[in-house]
Amino acid sequence: MHAMVLNRPGESLAWTELPDPSPGPGEIRVRIAACGVCRTDLHVVDGELTQPKLPIIPGHEIVGRIDALGPEVAGLAIGERVGIPWLGHTCGACAYCAAGRENLCDRPLFTGYTRDGGFASATIADARYAFPLGEAGDDVALAPLLCAGLIGWRSLVIAGEGRRLGLYGFGAAAHIIAQVATWQGRAVFAFTQPGDAATQAFARGLGAAWAGGSDEAPPEPLDAAIIFAPVGALVPRALKAVRKAGRVVCAGIHMSDIPSFPYRLLWEERQLVSVANLTRHDGIDFLRLAPSIGIATRTTRYPLARADEALADLRAGRFDGAAVLMP
Ligand SMILES: [Zn+2]
Ligand SMILES: [Zn+2]
């Protein structure tokens, strides 16, 4: 197999030939057809997430087909198409796992961070954390659903039932969740970098009721807002945009520091919460719903060897939607 390997944070990924790995008990080997590029991969490569396994193969939006089954794997077959998300393993025994909150497990493994991921032609996954994808839909179009879609979905559920939903940062996750929220009958208010008319037009094209700069106030108070951009300064702005008892959800795994803000922005029972990881339940719910919503993902394809270019383009905001690597 070949892989793009991160040997040390801050360095370029290195094209590396490796022997094909063999699945152990409870594991599967997957030939990768497509792997999405997520902002979390940038945080890993840049060293903002500080505990990676090194060297590490990044990537946690994996679509591929099973080509080897380890012992004790039940319910999956050779040739079956599966998706492998960020949550790669949980202990099943800690208080959080026992309470059905495996996204907060004390001893988890994360794909592309603490276990090898999908910037490669093959990977090993824990069979219990691979989602069967069926045959509907294109490999590349499905890849961004595995994180941008799933974390976005979890964020949307936690944002509550409110009709007027703000999305701060209109990248891979927001472009999927805007379609889900619109399908649910909500009004989406899309906030981009000030002056980014192209992304604002992209958001309106996906059904947003309003799109503007993150320094603007929405035309009416929001019931809830989700912050996808890793920018702490958006927290007080989003709190200012939501009504009394409105909720602001921080969806990213890493964010720049939140500036101090007056207590009156939180007053009147406004809530500020974060979303961490996903549960397998989130994945099953979302992937079951996704085909009926008819989500159209906007993707930009890169050959695997150009992973660094895909990461640089994501950092610079050079494409709308999501980047996907093709091994
Ligand atoms: Zn656990
Ligand atoms: Zn991700």
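Let me open with one contact: the side chain of R81 reaches the backbone oxygen of G134, at 3.0 Å. Before going further, please keep in mind that this is a predicted model.

So, hello everyone, and let's stay with R81 for a moment. R81 sits in strand β5, which covers residues 81-84. Is R81 buried or exposed? With a relative accessible area of 3%, R81 counts as buried, because the cut-off for buried is under 20%. The R81 side chain has another partner too: a polar contact of 2.8 Å joins it to the side chain of D139.

R81 also brings us to E135. E135 is found in the loop between β9 (131-132) and α3. Setting aside neighbours within four places in sequence, E135 is in contact with R65 and R81. With R65, there is a polar contact from side chain to side chain, at 2.9 Å. E135 itself is exposed, because its relative accessible area is 55% and exposed means over 50%. If you like a distance to check on screen, take the C-alpha atoms of E135 and E80: they are 8.8 Å apart, while the two residues are separated by 55 residues along the chain.

Now to the metals, starting with the zinc ion called ligand 1. Which residues coordinate the zinc ion (ligand 1)? They are C91, C94, C97 and C105, each through SG, at 2.3 to 2.4 Å. The angles among these 4 donor atoms run from 105 to 118°, and the site is tetrahedral. Along the chain, the donors of this zinc ion (ligand 1) follow the spacing C-x2-C-x2-C-x7-C. Take the pair C94 and C105, which links distant parts of the chain: C94 belongs to the loop between β6 (87-89) and α2 (95-98), and C105 to the loop between α2 and β7 (109-110), 11 residues apart. Both C94 and C105 are buried.

On to the other zinc ion, ligand 2. Its protein donors are C38 (SG), H60 (NE2) and C147 (SG), lying 2.0 to 2.2 Å from the zinc ion. In sequence, the donor residues of ligand 2 are spaced C-x21-H-x86-C. C38 is buried at 13% relative accessible area, and C147 is buried at 6%.

Let's finish with the helices. Why is helix α7, residues 234-241, described as largely enclosed by the rest of the structure? Because 6 of its 8 residues are buried. Those buried residues are L234, V235, P236, A238, L239 and A241. What covers them includes four strands: β10 (164-168), β13 (222-227), β14 (242-250) and β15 (271-274).

And one helix pair to close. Helix α5 (residues 172-183) and helix α8 (residues 280-293) have axes that come within 11 Å and cross at roughly 75°. Where they meet, α5 brings I176, Q179, V180 and W183, and α8 brings F286, L289, S292 and I293. On the spacing of such residues, an α-helix has 3.6 residues a turn, so residues three or four places apart point the same way.

Terms used. Residues numbered from 1 in each chain as written. Chains lettered and ligands numbered in written order. Predicted model: local features only at pLDDT ≥ 70, side-chain atom pairs only at ≥ 80, totals over all residues. Heavy atoms only, no water. Donors = N, O, S within 2.8 Å, 3.2 Å for Na, K, Ca; no water. Tetrahedral: all angles 85-135°; square planar, octahedral: opposite > 155°, others 65-115°. Helix = DSSP H or I, 4+ residues; strand = E, 2+ residues; numbered from the N terminus. Buried < 20%, exposed > 50% of the residue type's maximum accessible area, 1.4 Å probe, protein only. Polar contact = N/O pair within 3.5 Å; in protein donor to acceptor, adjacent residues only side chain to side chain. Contact = heavy atoms within 4.5 Å. Axes fitted to C-alpha atoms, helices over the stretch in contact; angles between N-to-C directions.
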